[in-house]
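I opened this entry to record what I looked up around the ligands and along the backbone. My notes follow in the order in which I checked things.

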Amino acid sequence: MLCLGIETSCDDTSLALVQDGKLLEQTASSQADLHALFGGVVPEMASREHGRFIGPLCDALLKRTGVVPADIDVVAVARGPGLLGSLLVGVAFGKAFALGARARFLGINHLHAHIFAAGLEQKLELPALALLVSGAHTHLYRVEGSDTLHPLGKTLDDAAGEAFDKAGKMLGLPYPAGRHIDELANEGSACAKLFPRPYLNNETLDFSFSGLKTAMASYIASRRELTGKWDVCSGQPVLPSPGPERAVLADLCASYRLAVVETLAFKVRKALLREENTALRTLILAGGVAANSLLRGAMREIVEAAGLAFATPSIQLCTDNGAMISYLGWLLASKGYSHTLDMEAVPRGVRVPDDMLR
Ligand code: KG4
Ligand code: ZN
């Protein structure tokens, strides 16, 4: 079964072909440089850019693989959560393509696609506990199958990625700042007591990262020298060159990253304890923040202690991509699921199996 996957939920336009569970090819265009000029994603511009690139990317994908529309059995498209204008471009394109190619059509939950992305590279033994950490979401799920994901906890305010991006903005780092904070942190040493581990003293598996961001804001309020340098010509933030100034920034990033990672690790351990009697086999770490080097290490330590398998996508499959949409599309289509062409994009996301037909 050949599935075309389309991802346009935020600022990456990406299309991919998955055949019988294997990735054939992926094309992608990132708008990160454009939105970096504004310090965050501008929704209206994002949807226009998707509109510009989706057709050429699809053509390139077909040309590179020698696939023709009639070969495609399923068209899977990110249905939400995401920015409505951006989702609409992918959904409209996917519907038109499915209609023209006489293929089955399927709307995919973007978060669930992140979780199953690791399945492209390794066998996923279920049931699993999944930590999904992205720019807009921080969720814990118990995963029993591609159509059976039970939410256990989520962030009540900012997502982990947002905590990195907003702190990075305060420090004058380029957007999105998660990767820069991670890289700078690897050069520094963390002060464990500099930042709080927020929202741990409660019975829930929920998260709250907004206080951490405020702690960073308070720390740097009286230390203006920490808040980054600008390239006069482009007006864009630039990282300081090696020297004492960069060393201080590195220590600050290391301390902040440690607070985020220890907070996530605490709730993952709590979730594993709570699910102790449910025969979990795997811990899945997914979403853009899963690229974080300290977080990957912390999750590896947890699975070793708990005797679980560990599944996390390679770095290039952690952030938004068409391959994950295509792969989950293939999994669900293999179970017989589809949507009719009146399916709508849902910016807040839907729970599976939602309104899929079987
Ligand atoms: O999943 P994703 O590509 O987009 C959403 O669906 O939100 O995640 C993007 C997020 C951004 O917040 C970005 O800063 C973060 O992933 N990110 C990282 C790293 N690489 C990307 N955060 C921490 N460490 C990283 N190495
Ligand atoms: Zn995402």
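I began with the backbone of A136: one of its N or O atoms lies 3.5 Å from an oxygen atom of ligand 1. I note that this is a predicted model. Next I asked how much of ligand 1 the protein buries. Taken alone, ligand 1 exposes 560 Å², and 89% of that is buried by the protein.

I then looked up which elements give two or more residues to the shell. They are α4 (110–116), α5 (160–170) and α6 (178–187).

I went back to the polar contacts. A polar backbone atom of G135 is 2.8 Å from an oxygen atom of ligand 1. For H110 the contact comes from the side chain, where an N or O atom sits 3.3 Å from a ligand 1 oxygen.

Ligand 1 has 18 residues around it, and G135, D165, G288, N292 and D320 come nearest. By class I find five nonpolar, nine polar and four charged residues.

I turned to the metal. The zinc ion (ligand 2) is coordinated by H110 through NE2, H114 through NE2 and D320 through OD, at 2.0 to 2.1 Å.

In sequence I read the spacing of the zinc donor residues as H-x3-H-x205-D. H114 belongs to helix α4, while D320 is in the loop between α10 (315–318) and α11 (322–334). These two are 206 residues apart, so I log them as a pair that links distant parts of the chain.

Last, I went through the backbone. Most peptide bonds are trans, and most residues other than glycine have a negative phi, so I logged the exceptions.

The peptide bond from L126 to P127 is cis, with omega near 5 degrees. I place P127 in the loop between α4 and β6 (128–133).

The peptide bond from Y175 to P176 is also cis, with omega near -10 degrees. P176 is in the loop between α5 and α6.

R102 has a positive phi, near 55 degrees, and is not a glycine. I find R102 in the loop between α3 (84–101) and β5 (104–109).

Note on methods:
Residues are numbered from 1 along each chain as its sequence is written. Chains are lettered from A and ligands numbered from 1 in the order in which they are written. This is a predicted model: local features need pLDDT of at least 70, side-chain atom pairs count only at pLDDT 80 or more; totals for chains, interfaces and linings use all residues. Side-chain values use heavy atoms; hydrogens and water are left out. A residue is near a molecule or strand if one of its heavy atoms lies within 4 Å of it. A polar contact is a pair of N or O atoms within 3.5 Å; within protein, one must be able to donate a hydrogen and the other to accept it, and residues adjacent in sequence count only if both atoms are side-chain atoms. Accessible areas come from the Shrake-Rupley method with a 1.4 Å probe; for residues, only the protein chains shown count as cover. Helices (H or I, at least four residues) and strands (E, at least two) are DSSP runs, numbered from the N terminus. Ala, Val, Leu, Ile, Met, Phe, Trp, Tyr, Cys and Pro count as nonpolar, Asp, Glu, Lys and Arg as charged, and the others, Gly among them, as polar. Donors are N, O and S atoms within 2.8 Å of the metal (3.2 Å for Na, K and Ca); water is not among the atoms, so sites may look incomplete.
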